[in-house]
Amino acid sequence: MQAAATTAPDWPEQLYALLRQNGVTQFAYVPDAGHRVLIDKSLADPEVHSIPLTTEEEGVALVAGADLGGARGVLLMQSSGVGNCINFLSLVKGGRFPFLTLISMRGDFGEGNPWQFPMGQAVEPVLEAMGVICLRVERPEDVVPTVSAALTMVFKSGQAVAVLLTQKLIGAKAF
Amino acid sequence: MDKTEAAARRAAAVAAPGYVLDRREAVPKLIGRHEDFLFVGGLAGSARDLAQLTGDGPSAYLLGGVMGAACSMGLGLALARPDKRVLVLTGDGELLMNLGALATIAVMNPPNLAIVCVDNGHYGETGWQQSHTARGVDLERIAAGAGIKATRTIADASELEEGSRFIRQGNGTCFVLLRVAPTEPPAYKRNLDPASCRERFRAALLGNS
């Protein structure tokens with residue numbers, strides 16, 4: 001976490017509150033520094049399920065299962081995890097399941113690890129090929145309005161939406 | 001079925017000692033009263049088992065693709081509906097594709113979730129190739145090693161009645177490895193449209209909300 005976070009240090013807290021206000025009760029994640037606050041807050045919240053995954057595609061199926069039962073879930077992952085999800089997104093697209101994922105980006109603005117670029121740069125075309133709408137966030141003040149828009153698109157209109165928390169927003173990891 | 005496939009199936013049966021139950025009898029007997037459960041069915045054989053059992057009813061969401069997704073989908077449903085018992089019926093091939101899901105399920109351990117793996121030791125849908133289980137991989141031990149405390153293997157008809165009680169216990173997630181002969185699942189023509197199946201499942205469970 002670098003400079004961007006200091007200008008609006010509380011956006012992760014506001015984001016958690018927003019998700020809870022919108023009835024999200026299943027937080028599925030693969031551990032990631034970019035989602036640390038959301039993960040920690042969900043773990044500490046007795047009214048939600050905080051579900052650690054071994055691989056991201058589990059989360060795609062899990063939130064679809066939540067929808068079958070009338071609950072709302074969100075998948076928190078890093079951009080590298082998007083590649084693991086592709087075939088399971090067939091369930092979302094074919095079944096018209098509402099799907100919300102928040103993706104912390106790597107292989108993006110200021111990335112210092114060359115291994116991150118192939119998947120990081122493929123995130124948007126690959127998700128769009130599977131019918132997932134991508135919304136990029138680059139400024140702290142845009143996080144809450146963007147996720148708020150995504151929540152409406154997903155849970156009112158039944159769409160699949162990925163909010164990309166870019167490295168311009170969350171900072172590039174130092175190497 | 002052409003001659004090649006019939007020969008492959010016969011060879012599969014010979015190659016699978018200890019796999020003797022007929023799934024068309026064993027699965028209904030193990031599950032018992034199907035109205036007790038909401039179901040998620042893995043693709044291919046297990047989906048057809050459940051389509052036959054429920055008359056392709058709205059209480060079962062049956063996958064036709066996304067191999068490896070059934071257990072995780074059942075977990076999301078079980079967490080969403082602690083008031084209902086959820087049963088995932090999967091196959092050995094489907095489960096092998098996402099073994100990590102067992103670890104996640106063990107960590108969450110919802111008491112209303114049962115996983116039944118119909119293990120015929122083969123990929124029946126693709127021409128009866130041997131799966132890893134026919135070559136020594138023990139999925140019950142993997143489930144137990146993942147941390148699921150209530151596990152068992154059922155390979156004999158005499159164990160089905162007790163198994164039926166076992167999948168209804170409420171102390172934690174349970175796992176049953178149901179070992180069956182590599183024979184055809186029911187030939188049931190089910191609805192393969194994933195969106196209309198989602199809608200009917202939700203309408204039956206949730207009303208029009």
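## Helix α4 of chain B

In α4(B), the buried residues are Ala70(B), Cys71(B), Ser72(B), Met73(B), Gly74(B), Leu75(B), Gly76(B), Leu77(B), Ala78(B), Leu79(B) and Ala80(B). With eleven of its eleven residues buried, α4(B) is therefore largely enclosed by the rest of the structure. The model described here is predicted.

## Packing of α4 against α6

Helix α4 (residues 70–80) and helix α6 (residues 100–108), both of chain B, have axes that come within 9 Å and cross at roughly 20 degrees. Angles under 35 degrees count as roughly parallel, and α4(B) and α6(B) are therefore roughly parallel to each other. Their crossing is left-handed.

On the α4(B) side, the contact is made by Cys71(B), Ser72(B), Leu75(B) and Leu79(B). These meet Ala101(B), Leu102(B), Thr104(B), Ile105(B) and Met108(B) of α6(B). The residues of this contact comprise seven nonpolar and two polar ones, with no charged residue.

## Ile154 in strand β7

Strand β7 of chain B spans residues 150–154 and contains Ile154(B). Ile154(B) has 23 C-beta neighbours inside 10 Å and so counts as buried, the cut-off being 20 or more.

Leaving aside residues up to four places away in sequence, Ile154(B) touches Leu30(B), Glu159(B), Leu160(B), Gly163(B), Val176(B), Leu178(B) and Arg179(B). Leu21(B) is 133 residues from Ile154(B) along the chain, while the C-alpha atoms of the two are separated by 9.3 Å.

Notes: Residues numbered from 1 in each chain as written. Chains lettered and ligands numbered in written order. Predicted model: local features only at pLDDT ≥ 70, side-chain atom pairs only at ≥ 80, totals over all residues. Helix = DSSP H or I, 4+ residues; strand = E, 2+ residues; numbered from the N terminus. Buried ≥ 20, exposed ≤ 12 C-beta atoms within 10 Å, placed from the backbone. Contact = placed C-beta atoms within 7 Å. Axes fitted to C-alpha atoms, helices over the stretch in contact; angles between N-to-C directions. Parallel < 35°, antiparallel > 145°, perpendicular 65-115°, else oblique. Left-handed = near helix turned anticlockwise from the far one by under 90°. Nonpolar A, V, L, I, M, F, W, Y, C, P; charged D, E, K, R; others polar.
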